[in-house]
Amino acid sequence: MKKNAVVLGTQWGDEGKGKIVDLLTDKADAVVRFQGGHNAGHTLIINGHKTVLHLVPSGILREGVDCYIGNGVVVEPQALLKEIKQLEEANVDVKSRLKISSAAPIIMPYHILLDQLREKAKGGKAIGTTGRGIGPAYEDKVARRGIRFGDLFSPQRLKEKLSETLSYHNFVIEHYFKQQPLDFDSVYQQALAYGEELKQMNADVTAELHKLQQQGKSILLEGAQGSLLDIDHGTYPFVTSSNTTAGAASTGTGLGVTDINYVLGITKAYTTRVGSGPFPTELFDDDGKMLAKNGVEFGATTGRPRRCGWLDLVALKRAIQINGVTGICVTKLDVLDTFEKIKLCTAYQVAEQELSEFPASAEAWENIQPIYESMDGWMSKTQGMTEINDLPAQALALIDKIESYTGSPVHMISTGPDRNENIIIHNPFE
Ligand code: GDP
Ligand code: IMO
Ligand code: MG
């Protein structure tokens with residue numbers, strides 16, 4: 001039976017989704033992004049050669065795999081064109097293989113400006129966004145005043161929508177933030193010019209995906225960010241502005257929820273976070289430094305150092321539940337190769353109380369202390385391993401602990417950044 005599978009992050013992003021999507025597209029016919037935008041940075045390493053993708057789906061390096069950007073993704077035309085150009089320079093043809101939903105909201109220059117002005121105004125309370133205009137673009141979508149990809153090809157319609165939306169935002173830019181308003185003509189002309197360059201990719205992606213389904217093809221739905229950055233279920237307000245969880249794979253593409261047969265939850269063997277917000281297992285000691293160093297934990301989009309800490313099983317269990325995860329893929333196991341002791345957070349302490357559930361409110365996060373279980377490290381090289389039987393007993397014990405705590409099976413283990421460094425216990429497409 002052909003399958004459609006979602007691949008998504010179960011933590012705060014950067015779990016290694018891109019690598020796994022690239023790996024699995026070996027067996028999938030198409031890849032579709034369903035939420036987020038170019039705030040994502042997905043790293044693919046093939047025979048030592050590194051490619052970082054932001055908007056283009058991580059199936060683009062497999063010839064013959066169709067790539068789609070669904071209606072749930074916010075598209076910044078300039079960033080997309082830059083990414084396409086870089087791929088073309090590496091002899092990857094994008095324009096003939098990528099289709100973009102005409103319903104996808106566009107990130108306009110005022111969204112980027114507003115994102116940055118707001119963050120600056122928040123000072124010490126900033127969210128630490130990627131400054132890419134993601135939040136303001138999603139706000140316009142929900143406010144029903146957004147410009148959509150399909151509008152770029154209809155000059156009159158674009159003009160009408162833009163004049164209304166821009167005057168609204170210019171008012172805030174000028175009178176609230178005391179900045180220069182944006183010039184209508186230049187924003188309009190630029191949007192039309194981007195439209196010209198992107199026109200051949202405009203499509204009814206929902207219809208195309210259903211056509212693929214009818215032909216018995218397998219579709220991989222590529223998540224961005226992570227479950228704990230979800231606008232509803234994450235550590236609000238320190239979240240991104242989209243639903244990053246499995247339901248968005250349906251709403252962000254137009255595939256039905258029952259069309260999705262499998263959810264792969266990508267889980268780093270420890271935890272990282274970029275930007276502000278709660279992170280109970282964050283480390284500030286030598287262990288944290290070693291995680292950052294061994295894992296090369298710098299943002300693939302902004303280059304910011306990532307905050308590092310131990311694996312948080314309480315948060316992971318919640319992520320498994322809200323996504324209906326079928327199987328877990330543990331990534332970056334090799335990063336733990338040099339640790340004598342490995343800790344796992346199995347509950348939270350709040351004042352005198354022990355909590356085994358992920359708190360729902362931001363306020364409840366403030367005084368949380370992790371309660372750890374300590375496991376022996378394996379102190380040997382797992383990097384590059386491809387066979388489960390080769391893993392040291394202590395590494396297998398860690399995998400067992402993740403399975404027993406979350407109640408979800410580990411189906412894959414990533415043992416290095418390269419495409420070939422994996423232990424595959426169960427391939428979602430087989
Ligand atoms: P994504 O946003 O979830 O796609 O993840 P990123 O690409 O932002 O960050 C993951 C980083 O870890 C990238 O630099 C990958 O090359 C790297 N990586 C992925 N899997 C592994 C692994 O199993 N071991 C090691 N050492 N690095 C990995
Ligand atoms: P991938 O797909 C890690 C974080 C930002 C910030 C918050 C809101 O590579 O895993 P935004 O610009 O989205 O409004 O920022 O979300 N963030 C990510 N963190 N990986 C990502 O993507 C992220 N995309 C957004 O750092 O804390
Ligand atoms: Mg990333």
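Modeller: Let us start with the second largest pocket: α1 (17–24) and β3 (42–46) each supply at least two residues of its lining. Helices (H or I, at least four residues) and strands (E, at least two) are DSSP runs numbered from the N terminus. This is a predicted model, in which local features need pLDDT of at least 70 and side-chain atom pairs count only at pLDDT 80 or more, while totals for chains, interfaces and linings use all residues. Residues are numbered from 1 along each chain as its sequence is written, chains are lettered from A and ligands numbered from 1 in the order written, and side-chain values use heavy atoms, with hydrogens and water left out.

Colleague: Which residues lie nearest the centre of that second largest pocket?

Modeller: Thr43, Gly295, Val296, Lys332 and Pro417 do, out of 28 lining residues. A pocket is an open set of points on a 1 Å grid over the protein atoms alone, with protein on both sides within 12 Å along at least five of seven lines; a cavity is a set where a 1.4 Å probe fits but cannot get out, and lining residues have an atom within 4 Å of a point.

Colleague: How much space lies in the second largest pocket, and what is its lining by class?

Modeller: The space is about 640 Å³, taken as that filled by probe spheres set on the points, which are joined across faces, edges and corners. The lining has six nonpolar, 13 polar and nine charged residues. Ala, Val, Leu, Ile, Met, Phe, Trp, Tyr, Cys and Pro count as nonpolar, Asp, Glu, Lys and Arg as charged, and the others, Gly among them, as polar.

Colleague: How many cavities of 30 Å³ or more does a search of the whole structure find?

Modeller: There are two. The largest cavity holds about 40 Å³ and is lined by Val314, Lys317, Arg318, Gln321, Ser356, Glu357 and Phe358. Two of these lining residues are nonpolar, two polar and three charged.

Colleague: What about the second largest cavity?

Modeller: Its volume is about 30 Å³. Its lining includes Trp12, Leu228 and Thr271, and β12 (311–312) and α10 (313–323) each supply at least two residues. By class, five are nonpolar, three polar and one charged.

Colleague: Changing topic, which residues are buried in α6?

Modeller: Val187, Tyr188, Ala191, Leu192, Tyr194, Gly195 and Leu198 are buried (under 20% relative accessible area; exposed is over 50% and partly exposed in between, with a 1.4 Å probe and protein chains only). These residues fall within an arc of 160° seen down the axis, so they line one face of α6; the arc is that of the directions from the helix axis to the C-beta atoms.

Colleague: What covers the buried residues of α6?

Modeller: The cover includes α2 (77–89), α3 (109–122), α5 (155–176) and β7 (202–203).

Colleague: And in α7, which residues are buried?

Modeller: In α7 (residues 205–214), Val205, Leu209 and Leu212 are buried. They cover an arc of only 55° around the axis, which puts them on the same side of α7. An α-helix has 3.6 residues a turn, so residues three or four places apart point the same way. After α7 comes Gly216, whose phi is positive, near 75°.

Colleague: Lastly, where is Gly256 found?

Modeller: Gly256 sits in the loop between α8 (247–251) and β9 (262–268). Gly256 is partly exposed, with a relative accessible area of 24%. Leaving aside neighbours within four places in sequence, Gly256 is in contact (heavy atoms within 4.5 Å) with His210 and Ser250.
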